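Welcome! Please have a look at the structure before reading on.

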Amino acid sequence: MSAGPLLPPLADPPDRPALAFGTDPAAALTYRELAAVAGGLAGRLAGCSRVAVWATPSLHTAVGVVAALLAGVPAVPVNPKIGERELGHVVSDAVPELVLAAPKDQLPPALSALPRLDVTPRPRESGFSGARVGVSGSPSRGIPEAEPPADAPALIVYTSGTTGPPKGAVLSRGAIAANLDGLADAWAWTAADRLTHGLPLFHVHGLVLGVLGPLRRGGSLHHLGGLDAAGLSAAVDAGATMVFGVPTQYHRLADELTDDPEAAATIGRARLLVSGSAALTAVDHARIEKATGLAVRERYGLTETLILTAALADAEPEPGTVGRPVPGTEVRLAPLPDASGDDALGAVEVRGPGLFSGYLNRPDATEAARTPDGWFATGDIGRWTESGVLALVGRKATDLIKSGGYKIGAGEIENALLEHPGVAEAAVIGAPDDDLGERVVAFVVAAGEAPPAGELIDHVAGLLASHKRPREVRFLDSLPRNDMGKVQKARLPR
Ligand code: MLC
Ligand code: AMP
């Protein structure tokens, strides 16, 4: 299977803006500069089996990932707030040959033990003349001349399941290219667009859609570090046409815009506001539209499948729905054994070119996620509306939590809590939360005297990524269990 380049503009790079981070002019690259900087770095990566990228929300991360893609080397983006236990798992599972990081980055032991390549994109300093990338490490092994095949792995993105440590979803170059092209159709996304967002760069939303998306189109990205009214209105004022965010970011933005009609009016000059990774409430949809005059388009995806459905740019969005299948992708609803009498509800299944290649080292889990006829079972439950768009109504697994747009497995947090000497039993749930969608709540039976809640929260944040920490810890004398001894989470006090 062969394919055109994943990032076509880098083949013959124009002298147009490609990437900008924050407001520092030194943290910006044109396509020509990016091709030189990432190309120089790629020469030192080629031939590696896999590389880790310390994925801070920075130009260094974007350059590091682009370099790996140019070299045809799969990149493993690592959350810079990852905990020790989780990082140990990622490193032993993915076995990266080296790590890419900014020179100032302090790496935790599991990564600092690996050979390191410092990414120092400094094209604007003292007259840029090509590949001024400072790299310590092995000499160039040569960039492959031919584009790797479409089924070659591009990224390995770790994502939580209901139990056990996160699994590495292997995303091929072809899957990324096909999905980004489908989204370009849905949103009329072109080289004229300047995307802005403040998403983390170790997940599909911020990295695939948010960095590779504009680079595949030949447009540009302005990364804001976060999403607030002042930064976003300045970005739109400076030419941003599209905005990506998770619902928590839009919720906070809506709060701010209520008191800032000037910023709201400026943001309203953007072409498209897009929300995804979790459900945007109808209330927040209405608040953003009232403030800016723009209705937010929702799109729905998974790390393993990339984006399944999207509200189209030229159609009136329906709050509470996630749009139509992205061109090239098929979505179906499979009957639910227990649909509580509502036949319209079904299990969302997908097939198409955007699907992942499998979980790294986990053929069992890959197999379990596929239906007998080869579709991917998302675990989400939905229905088609009368106008033919998808509405999501829930998830099959109660042990998966979506908080701030991050997927979090309850079992992973329970195991981390049980490692604390003060914890005898633990049950974790996602409780409804206006800001985060769901917040992680831990019910704990103490072993002896109850430890302070803050100590347990810090304990989890130290072992796992900090966004997985419980926001609330509640102590109980015992957990509700059935006759078989299984914890009955539905009976936990809410
Ligand atoms: C607080 N902090 C602690 C802590 N208490 N750190 C360690 N230990 C403790 N006890 C710190 C954090 O490190 C952080 O520091 C700060 O407090 C806030 O933490 P947070 O929980 O990360 O921030 P919060 O404000 O709650 O984040 C909201 C958010 C974030 C929306 C900005 O959740 C976010 O970025 N979400 C995006 C998720 C995403 O991209 N999902 C895509 C998945 S792909 P500091 O330094 O940060 O202040 C997918 C497919 C698809 O779903 O469809 O897209
Ligand atoms: P992740 O594993 O982090 O990629 O998360 C994927 C999950 O996020 C999906 O299975 C959905 O449950 C959820 N999700 C993504 N986009 C949306 C959306 N627009 N609305 C509701 N849920 C969403």
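A cavity is a set of grid points where a 1.4 Å probe fits but cannot get out, and its lining residues have an atom within 4 Å of a point. Please keep in mind that this is a predicted model.

**The cavity**

With that definition in hand, which residues line the largest cavity? They are His285, Val296, Glu298, Ala311, Pro317, Glu318, Pro319 and Thr321. By class, four of the lining residues are nonpolar, two are polar and two are charged. The largest cavity holds about 30 Å³ of space, and a search of the whole structure turns up one cavity of 30 Å³ or more.

**The second largest pocket**

Next comes an open space. The second largest pocket has a volume of about 370 Å³. Its lining counts 19 residues, and Ala397, Thr398, Asp399, Ile429 and Lys489 are the closest to its centre. Which element gives the most to this lining of the second largest pocket? Helix H12 does, with three residues. Strand S21 (400–403), helix H12 (410–418) and strand S23 (423–433) each supply at least two residues of the lining. Sorted by class, the lining of this pocket has six nonpolar, six polar and seven charged residues.

**Ligand 1**

Polar contacts to oxygen atoms of ligand 1 include one from a polar side-chain atom of Lys81, at 2.4 Å, and one from a polar backbone atom of Gly301, at 3.2 Å. Ser466 also takes part, with an N or O atom of its side chain 3.4 Å from an oxygen atom of ligand 1. Taken alone, ligand 1 exposes 1100 Å², and the protein buries 70% of that.

**Ligand 2**

Around ligand 2 there are 15 residues, of which Arg299, Thr303, Asp380, Lys402 and Lys407 come nearest.

| Residue | Atom of the residue | Distance to an oxygen atom of ligand 2 |
|---|---|---|
| Thr159 | polar side-chain atom | 3.2 Å |
| Lys402 | polar side-chain atom | 2.9 Å |
| Lys407 | polar side-chain atom | 3.1 Å |

On its own, ligand 2 has 500 Å² of accessible area, and the protein covers 92% of it. Which strand gives the most to the shell around ligand 2? Strand S13 does, with five residues. By class, the shell around ligand 2 has six nonpolar, four polar and five charged residues.

Note on methods:
Residues are numbered from 1 along each chain as its sequence is written. Chains are lettered from A and ligands numbered from 1 in the order in which they are written. This is a predicted model: local features need pLDDT of at least 70, side-chain atom pairs count only at pLDDT 80 or more; totals for chains, interfaces and linings use all residues. Side-chain values use heavy atoms; hydrogens and water are left out. A polar contact is a pair of N or O atoms within 3.5 Å; within protein, one must be able to donate a hydrogen and the other to accept it, and residues adjacent in sequence count only if both atoms are side-chain atoms. Accessible areas come from the Shrake-Rupley method with a 1.4 Å probe; for residues, only the protein chains shown count as cover. On a 1 Å grid over the protein atoms alone, a cavity is a set of points where a 1.4 Å probe fits but cannot get out, and a pocket is an open set with protein on both sides within 12 Å along at least five of seven lines; lining residues have an atom within 4 Å of a point. Grid points are joined across faces, edges and corners, and a volume is the space filled by probe spheres set on the points. Helices (H or I, at least four residues) and strands (E, at least two) are DSSP runs, numbered from the N terminus. Ala, Val, Leu, Ile, Met, Phe, Trp, Tyr, Cys and Pro count as nonpolar, Asp, Glu, Lys and Arg as charged, and the others, Gly among them, as polar. A residue is near a molecule or strand if one of its heavy atoms lies within 4 Å of it.
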